[in-house]
Structures are given as C-alpha cells and as structure tokens.
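Please read the sequence and the model side by side before turning to the notes below.

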Amino acid sequence: MLSSIKLLLNFQKSPYLFFEQVRPADPRQVRRLRLGVKDFYFCYHPDQAKHVLEDRKENYPKSSLVLKKILPLSGPTGLIQLSDQDAKGVRQMAGHLMHQERALRLSKFVEGFVREEFDGFDRAAQEGEVVDLKPFLTRLVLRTAGIFILDRDIQSQADQLNEAFVELNRMAGESLRSLIPKPYSFKRARYLEVIHRELDRIIDEGIGEEQVSLLRELKKRDLPRSFMRDQVKAFMFAGYDTTASSLIFAVDSISRDQRVQEKIFAERHLGYRGATYTQAAYKESLRLYPSAYFLPRQAAEDDVISGQKIRAGGQIFISVRHVQRCPEAYTEPERFLPERFLEAPAHSHAFIPFGEGSRICIGAALAMMEATVVLQKLCERYRLVPARPEPPEIEGLITAHTKSPLFLRLERRVAC
Ligand code: HEM
C-alpha cells in the first residue's frame with residue numbers, strides 16, 4: 001500500500017521521470033503496477049509496441065483516462081477523441097491535404113517565415129549576443145499550422161493563441177498527474193474562450209475558392225460549427241506543440257555537433273525533399289527526444305504481452321523514448337548519430353515518434369517538411385553554438401519540452 005502511494009507521488013512529481021523509475025532491468029518485460037483501483041502496464045520494447053499498435057490493435061483503443069484529460073484541448077468531437085470507426089472520415093479528408101504540390105507551397109511559406117525572423121538574428125550575430133530561439137521557433141510553427149489548417153497567416157493572433165494553447169496544455173498535463181479530478185477552473189475557461197472566439201471568427205469568415213486547407217474541406221461538407229471548431233482545435237493542439245518542441249530539441253542537438261551542421265550546410269541547395277541527411281538529423285532528434293513521449297492505450301479484453309497477463313480495462317503506456325533507445329535495435333542508442341537513419345531501420349517499431357497503426361499521426365509529413373526547411377535555412381546562414389554547455393532539462397506533461405530557453409550564439413557564415 002505504502003509503495004503504491006510512493007509510486008503515485010513520483011508519478012505526480014514527474015510522469016517523464018516515472019517511466020525511467022519503474023523500468024524493469026530487462027526491457028523485454030512489461031512492468032505492471034496497481035495505482036488506486038487501476039492496473040497500469042508499462043511497455044519498453046519495440047516488440048511490445050508492435051503488439052499493441054499493429055498486431056492486436058483492435059484490442060487496444062486509445063486510453064479513455066488520458067482522452068478525458070485532453071478533452072478541453074481537442075473538444076468532444078475532435079479527431080483525437082473519435083473512435084477508430086468514426087475517425088475514418090476525418091482522417092480521409094485530412095489525408096488529401098499534404099499532396100506534393102501543396103507540400104511545396106507550404107514549404108515556401110515556411111521559408112518566408114524563417115526569412116522574416118532572420119533580420120533580428122543578423123544583428124545579434126554581429127554583436128556576438130546570445131539569442132533565445134525558442135519563441136522564434138514556436139511562432140513559426142504556429143503560423144505554419146495556421147496556413148495548413150486555416151489557410152491564413154495567423155501572425156496577429158499568434159501570441160494570444162500561443163499563450164492559450166500553452167496554458168491549456170500545461171493544465172491538461174497537471175490534471176494527468178493527479179488522479180483526483182480537478183475542480184472547475186475559471187482560468188481554463190478563460191483560455192478556452194480565447195481559442196473559441198478566435199477560431200469562430202476565422203470559421204465565420206469567407207474562404208477563397210482556390211484555398212486548400214482543413215477548414216475549406218470541413219466547410220465544403222457543410223458540417224455543424226461545433227464539429228468544425230473541434231477539428232480545427234484538435235489539429236492545432238496535436239500539431240503545434242509537438243512540432244515546436246521537436247524543433248527546439250533538434251536545433252539544440254545540432255548546435256552541439258558542428259560535424260552535423262556542416263553536413264546540413266552541404267545540403268542547403270537541395271530543397272527539402274532531397275535533403276536526406278537533414279531529414280536524418282531531425283529523425284535522430286525525434287528518436288532521442290520524442291515530444292509525444294508516451295502512447296496511451298487500454299485493453300478491451302484480456303491479453304498477454306511479453307509473458308505478462310494483461311487484464312481487460314488495464315491502461316497501457318508505451319514509453320516511446322525507451323522503445324527508441326532499445327539497444328537491440330540501435331548501436332550506441334544514447335548517441336546522436338543521424339547517419340543511422342540513412343539506412344533501413346533494424347526493427348519496424350523501433351522508431352515511433354508519430355505513433356503507428358490506424359491512428360498514426362496525420363501531420364507527420366508536414367512536421368518533417370517544416371523541420372527540414374528550418375534546419376536547412378538556419379545552417380545555411382549561421383553556425384550555431386550552444387551558449388550553455390549542459391544539456392537542457394526536460395519536462396514531460398502531456399508532451400515533453402525543454403524547461404529552459406534555447407540560448408545560442410549565431411555565427412554568420414560568410415558565403416551562402
Ligand atoms: C513532430 C511533430 C509531431 C509529433 C511528434 C506528432 C505525434 C503524434 C502522435 C504520436 C500521434 C498518435 C497518438 C496516439 O496514437 O495516441 C499523433 C496523432 C495526431 N497528430 Fe501528430 N505529431 C506531430 C505533428 C503533427 C502535425 C503538424 C499535425 C497537424 C497539423 C498533427 C496532427 C495530428 C492529429 C490530428 C492526430 C490524431 C490522429 C487520430 O487520432 O486519428 N500532428 N501525432
């Protein structure tokens with residue numbers, strides 16, 4: 001009983017560290033814990049990920065416990081909350097949004113956003129000042145999400161929306177840590193009001209015939225406004241924070257490795273599709289620092305995973321970070337080595353930053369494109385030097401983030 005309370009307190013302190021604390025010595029084992037009245041199963045091996053996400057996926061829908069925690073952010077009818085069956089229509093509709101021509105157009109927007117922000121950096125680079133790239137990357141990702149989802153530059157609303165999403169995300173994370181339901185929060189209601197007001201205004205505005213966006217697809221189908229708003233909100237929530245924090249991790253990782261930066265620099269004229277090394281560098285950062293650091297599921301029926309009996313109703317947590325550092329799948333798994341992604345993976349489920357199976361991330365191609373363009377453009381113009389030697393401290397709530405600013409010195413390259 002006492003150890004169960006201790007475990008619970010540890011979970012409340014840091015869900016991110018908790019996965020490490022309860023990890024069995026043998027990664028092929030599943031750790032079973034009883035917290036309160038619920039059974040929890042923690043998975044650490046790519047074979048277990050494959051079992052849950054692919055081989056027996058019908059038995060493992062998303063965890064209702066976690067879905068409840070993110071309800072304010074995704075809305076009750078947002079894609080994230082829908083059953084596999086109900087999700088099909090929305091997934092199909094969104095699937096058309098990342099075709100080649102569209103991706104190319106989006107990449108031009110990303111290039112433009114990066115260029116707009118660079119002028120301020122040039123002065124800082126000249127004067128040898130330290131800059132925090134975190135707000136720049138966050139704003140850029142939010143504006144790109146605006147183009148993809150709404151087909152408009154939401155620059156003027158970016159700060160307001162950013163604050164509301166960040167705060168709601170934090171509240172959802174805090175609610176995940178505590179098993180006791182939180183009382184009604186006026187602060188939460190206020191942030192939700194900001195998001196709903198801004199999104200409703202955009203939804204009610206007319207949209208051009210030539211536009212391609214999630215919103216246009218939704219409008220074409222003449223769906224109820226609450227349903228449209230939930231989809232827009234769910235996509236913003238799912239796509240914005242994850243991409244921003246993964247880019248922050250990636251820029252931090254490459255800033256610590258001049259060799260990697262030179263290789264990205266060498267790909268500066270290739271365009272994002274041909275930049276295989278730059279893509280590999282981003283993937284390697286996603287492997288070591290997955291922003292979606294756990295995948296929550298629940299067992300519909302009794303099952304057995306890696307010899308561990310799973311009881312129906314049990315909550316399954318796949319630790320993406322540990323799966324992606326599995327020594328059976330990667331040599332020197334703790335090292336940042338982009339080259340490993342130039343070859344075929346050793347295990348089909350050892351790299352799952354975007355999930356896998358029927359509910360795999362719908363924005364993976366967008367995130368890949370965006371990050372590749374940003375890394376290319378940054379390395380084309382500057383050498384990045386970390387201003388602090390120590391690696392960033394990581395905080396994991398619903399998603400994983402760096403706690404500190406991303407302080408860098410930028411050295412302007414002479415010939416671009
Ligand atoms: C690095 C960036 C990203 C990461 C790491 C990421 C990660 C994930 C993961 C792990 C899932 C599956 C969750 C599960 O199975 O429980 C997911 C789902 C989803 N992602 Fe992403 N994502 C990223 C970017 C994006 C972007 C850019 C968008 C769209 C603009 C997006 C939209 C979605 C949506 C709508 C879902 C829910 C799909 C469904 O429930 O059927 N994501 N994402």
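A residue is called buried when its relative accessible area is under 20%, exposed when that area is over 50%, and partly exposed in between, with a 1.4 Å probe and protein chains only. Because its relative accessibility is 43%, glycine 89 falls in the partly exposed class. The model is a predicted one, in which local features need pLDDT of at least 70 and side-chain atom pairs count only at pLDDT 80 or more, while totals for chains, interfaces and linings use all residues. Residues are numbered from 1 along each chain as its sequence is written, and side-chain values use heavy atoms, with hydrogens and water left out.

**The ligand and its shell**

- Helices (H or I, at least four residues) and strands (E, at least two) are DSSP runs, numbered from the N terminus.
- The ligand takes up the space of the largest cavity, a cavity being a set of points, on a 1 Å grid over the protein atoms alone, where a 1.4 Å probe fits but cannot get out; a molecule sits in one if more than half of its atoms lie within 2 Å of its grid points.

**Contacts with the ligand**

- The iron atom of the ligand has a single protein donor, the SG atom of Cys361, at 2.3 Å; donors are N, O and S atoms within 2.8 Å of the metal (3.2 Å for Na, K and Ca), and water is not among the atoms, so sites may look incomplete.
- Cysteine 361 itself belongs to the loop between helix H16 (320-323) and H17.
- Lysine 62 places a polar side-chain atom 2.6 Å from an oxygen atom of the ligand.
- For arginine 91, an N or O atom of the side chain is 2.7 Å from a ligand oxygen atom, and for arginine 359 a side-chain N or O atom is likewise 2.7 Å from an oxygen atom of the ligand.

**Positive phi values in loops**

- Aspartate 222, in the loop between helix H11 (214-220) and H12, has a phi near 55°, which is a positive value in a residue other than glycine.
- Aspartate 222 is classed as exposed because its relative accessible area is 68%.
- Serine 306, in the loop between strand S5 (303-305) and strand S6 (308-310), has a positive phi near 45° and is also a residue other than glycine.
- Serine 306 counts as partly exposed because its relative accessible area is 43%.

**Further positions**

- Glycine 89 is part of helix H6 (residues 84-95), and its C-alpha atom is 9.5 Å from that of leucine 79, 10 residues apart along the chain.
- Arginine 413 is in the segment after strand S11 (407-412), and it is buried because its relative accessible area is 4%.
- Leucine 397 occupies the loop between strand S9 (394-396) and strand S10 (400-402), and it counts as buried because its relative accessibility is 6%.

Key
A polar contact is a pair of N or O atoms within 3.5 Å; within protein, one must be able to donate a hydrogen and the other to accept it, and residues adjacent in sequence count only if both atoms are side-chain atoms. On a 1 Å grid over the protein atoms alone, a cavity is a set of points where a 1.4 Å probe fits but cannot get out, and a pocket is an open set with protein on both sides within 12 Å along at least five of seven lines; lining residues have an atom within 4 Å of a point.
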